[in-house]
Amino acid sequence: NELAVRFESLGEGGVKLAKTYTFSRGSYVISVKHEVVNGTAGALAPYLYLSLERDGNAARGESKWYFTFTGPAIYTEAKKYEKVDFKDIEKGKAGHAISASDGWIAMVQHYFASAWLVPSGTPRNFTTLKAAANLYAVQMMLPMGEIAPGASKVHEAKLFAGPQEENN
């Protein structure tokens, strides 16, 4: 009922990153464990970058009679749900929350969404950007705290990838 897949970096410069993706049968939520191992002689203070990317094209089969939003979204308790148009990112005028101690990022398309979810209480920064020609990203960056030489630190996040379901 569960499958865990682990990826490890080669440990370049004495720092190793391991990511473990855990898939659960019947769930659209993927648990993602990020583990940083400090094999250097000094302390580290790394940041975790969580990102979602999408092209700027309209979804195939989208109706010409009604518009559904496609693009990045950022949620914080203070500013609530903010949709960000690809055109605004292109112009450098994407007005949205920049930092908070709560919230999440998403990429939405008609009835589907992908979103990075992390526990509240950790400061985070939000960014939207044009990653390449017709490719846009929404990102969330979180400090992982200091990691002493020879120590490791783990951060757990959830990646939702599936249909947008509304609770009645």
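Reply: Two strands count as paired if DSSP finds at least two bridges between them. Strands (E, at least two residues) and helices (H or I, at least four) are DSSP runs, numbered from the N terminus. This is a predicted model, in which local features need pLDDT of at least 70, side-chain atom pairs count only at pLDDT 80 or more, and totals for chains, interfaces and linings use all residues. Residues are numbered from 1 along each chain as its sequence is written, and side-chain values use heavy atoms, without hydrogens and water.

Me: How many bridges join β4 to β11, and in which sense do the strands run?

Reply: Strand β4 (residues 47-55) and strand β11 (residues 135-143) run antiparallel and are joined by nine bridges. Within this pair, glutamate 53 has alanine 137 of β11 as its bridge partner.

Me: What stands opposite leucine 129 in β11?

Reply: Alanine 137 does. Strand β10 (residues 124-132) pairs with β11 over seven bridges, again antiparallel. Two residues lie between the strands of this hairpin, where asparagine 134 takes a positive phi near 60°.

Me: Which residues have the most contacts inside the largest nonpolar core?

Reply: A nonpolar core is a set of buried Ala, Val, Leu, Ile, Met, Phe, Trp, Tyr and Cys residues joined through side-chain atoms within 4.5 Å; buried means under 20% relative accessible area (1.4 Å probe, protein chains only). Here the largest core has 25 residues, and Leu50, Leu52, Ile105, Trp116, Phe126 and Met140 have the most contacts inside it. Strand β11 gives the largest share, four residues.

Me: What does leucine 52 touch?

Reply: Counting contact as heavy atoms within 4.5 Å, and leaving out residues up to four places away in sequence, leucine 52 touches residues including Ile105, Trp116, Ala137 and Leu159.

Key
Buried means under 20% relative accessible area, exposed over 50%, partly exposed in between (1.4 Å probe, protein chains only).
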